[in-house]
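Reader: Please take me through one part of this model in detail. I would like to follow a pocket lining and the helix that contributes to it.

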Amino acid sequence: MAMTTPANGRGPVQGGPMGFPAPPGPGGAVEPAHGAGERPRAGFGMIGPRGGQHIVSGDQLDALALPVGDDGVVIGVDAQSRPAVLGLHRPTPYNVVLIGGLWTAQVVALRAAATGARVAVETGRAGEWTALAHAAGGAQQCITLHDVGRVPPLGASAGSPVLVVRDCGMRPPRGRVVAGPWQSVLTLLPYLSPVAPRLIRQARLVGVQRVSPDEAGQLGRVLGLPAGDVESLPSLADGVTLWCAARDRQYVMTQATDAETGLLGMPRRMD
């Protein structure tokens, strides 16, 4: 699944630096150095001073877990109120389809820019994105706006990842700039359109917000959703998205910060 949650919140092992047990203090036992007349061990040289060993018991290993792979964009919280993270910056092509509202796509774009990514928005309604682009980076232009079909090559790299947001209506044309290493593409669809099944099949991750019962039934067949998820889609609250990958599904509530609310308003499905 593209989305992950941070590692367990248990504290580190008490002791020395990095959670390891502290070495002996001034009163601790330290073996004396061997004299110059001592024979060296074959292949190892002279035996020098030794301090206390850093040993962690088996019960303490879990506390040393590192959140490997949990980097990305925090897009909200899951049902257990844990942060849900979307790993957009990858060394392989990554396509995302969001069937939902402009508000959620703009929050993802804003938070991606906050992680240091460059965001290119391909849109036919630039007026809806202008305030966001100005507020995000000022003179640095970390969010740039482009007419449909006019996104230039962006030169994505590990040090300068790119997110392309395609806000091109119900039937987005095939984009000139496609997903590639360190360049992800998020396609926003306001509703389930005739081109949606093709885009969904090409996507690594699909987000679905509130849709009609007929659309929910179609999405259930395309995505292989269980009956419970199909029944829940028409009644999802504003700001709630069902994110679906190959083997995983997760409901996420996107909660705006005060700054995001001042810029984008309250969560909403309709624009």
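Predicted model: local features only at pLDDT ≥ 70, side-chain atom pairs only at ≥ 80, totals over all residues.

Author: Two or more lining residues come from each of α3, β9 (205-208) and α4 (213-223). The volume of the second largest pocket is about 220 Å³.

Now to α4 itself. Its buried residues are E215, A216, L219 and G220. They all lie on the same side of α4, because the arc they cover around the axis is only 140 degrees. This spacing follows a general rule: an α-helix has 3.6 residues a turn, so residues three or four places apart point the same way. On the face turned away from the buried side of α4 are the exposed residues D214 and R221. The cover over the buried residues of α4 includes β4, α3, β9 and α5 (227-232). Just after α4, G224 has a positive phi of about 70 degrees.

For context, the largest pocket has a volume of about 260 Å³. It is also lined by 16 residues, with N95, R166, T187, L199 and Q202 closest to its centre. β4 (94-99), β8 (183-189) and α3 (196-202) each give at least two residues to the lining of the largest pocket. By class, that lining has nine nonpolar, four polar and three charged residues.

How values were computed. Residues numbered from 1 in each chain as written. Heavy atoms only, no water. 1 Å grid on protein atoms, 1.4 Å probe; cavity = no way out; pocket = protein on both sides within 12 Å on 5 of 7 lines; lining within 4 Å. Points joined across faces, edges and corners; volume = space filled by probe spheres on them. Helix = DSSP H or I, 4+ residues; strand = E, 2+ residues; numbered from the N terminus. Nonpolar A, V, L, I, M, F, W, Y, C, P; charged D, E, K, R; others polar. Buried < 20%, exposed > 50% of the residue type's maximum accessible area, 1.4 Å probe, protein only. Arc of directions from axis to C-beta. Contact = heavy atoms within 4.5 Å.
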